[in-house]
Amino acid sequence: MAVTARPEGGYGGPGSGGQVVSGLGVGGPGIQARYVPATSGGQGGQYGAAPAKYNFQWDVNDQPSGNFYGHGEQRDGDNTQGSYYVQLPDSRQLKVEYFVDQFGYHPTVTFEGDAQYPSGSQKGYYQ
């Protein structure tokens, strides 16, 4: 059995006239929703269309678990660039710097630091 709730008139933005249509998910019972835009023409109701413009940065540094990774990206219209990194178990840092253009995703992958492995009779990284 699938149960859905939505406000009368749908979830479309103000002036959009769109609605959410729900039903059974593919492959079994569930909830599936898809947005059906209004057919009144225009570019997204009263808001209009504008080029994408954003930037973000996030990092995780949890010393007890050894997790150290992050991601940052900037976009202004068609110009997108960013980087992400992760600390590897062998103590190196893997870093990917990238840009995106009309031809696709262009990464440059680098490794910083020297690989260091446990010495002695330890098997693996965990004791």
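**Rings, strands and a pocket in a predicted model**

Phe56 is partly exposed, because its relative accessible area of 32% falls between the limits of 20% and 50%.

Phe56 has a ring partner, Tyr54; the two form a stacked aromatic pair, with 6.3 Å from centre to centre and 15° between the planes. Tyr54 is likewise placed in the partly exposed class, at 33% relative accessibility.

A second pair is that of Trp58 and Tyr69, which is edge-to-face: the centres are 5.9 Å apart and the planes make an angle of 85°. This pair links distant parts of the chain, since Trp58 belongs to strand 3, residues 53–62, and Tyr69 to strand 4, with 11 residues separating them. Trp58 is partly exposed at 38% relative accessibility, and Tyr69 is partly exposed with a relative accessible area of 30%. In total, the structure holds five aromatic pairs. Ring pairs also join Tyr84, Tyr98 and Tyr105 into a cluster.

Let us turn to the strands. How do strand 5 and strand 6 pair? They run in the antiparallel sense, over eight bridges; within this pairing, Thr80 has Val100 of strand 6 as its bridge partner. The two strands form a hairpin with five residues between them, and in the turn Ser91 has a positive phi of about 80°. Strand 6 also pairs with strand 7, residues 104–112, again in the antiparallel sense and over nine bridges. Here Tyr98 stands opposite Pro107, and the hairpin has two residues between its strands.

Arg92 deserves a moment of attention. This residue sits in the loop between strand 5, residues 79–87, and strand 6, residues 93–101, and is partly exposed at 23% relative accessible area.

Finally, the largest pocket has a volume of about 170 Å³. Ten residues line it, and the closest to its centre are Ser65, Gly66, Asn67, Gln87 and Pro89. Strand 4, residues 67–76, and strand 5 each supply at least two lining residues; the largest share, three residues, comes from strand 4. By class, the lining has six nonpolar residues, four polar and no charged ones.

Definitions and conventions
Residues are numbered from 1 along each chain as its sequence is written. This is a predicted model: local features need pLDDT of at least 70, side-chain atom pairs count only at pLDDT 80 or more; totals for chains, interfaces and linings use all residues. Side-chain values use heavy atoms; hydrogens and water are left out. Helices (H or I, at least four residues) and strands (E, at least two) are DSSP runs, numbered from the N terminus. Buried means under 20% relative accessible area, exposed over 50%, partly exposed in between (1.4 Å probe, protein chains only). Two strands pair if DSSP finds at least two bridges between them. On a 1 Å grid over the protein atoms alone, a cavity is a set of points where a 1.4 Å probe fits but cannot get out, and a pocket is an open set with protein on both sides within 12 Å along at least five of seven lines; lining residues have an atom within 4 Å of a point. Grid points are joined across faces, edges and corners, and a volume is the space filled by probe spheres set on the points. Ala, Val, Leu, Ile, Met, Phe, Trp, Tyr, Cys and Pro count as nonpolar, Asp, Glu, Lys and Arg as charged, and the others, Gly among them, as polar. Rings of Phe, Tyr and Trp (its six-membered ring) pair if their centres lie within 6.5 Å; planes under 30 degrees apart count as stacked, over 60 as edge-to-face and the rest as tilted.
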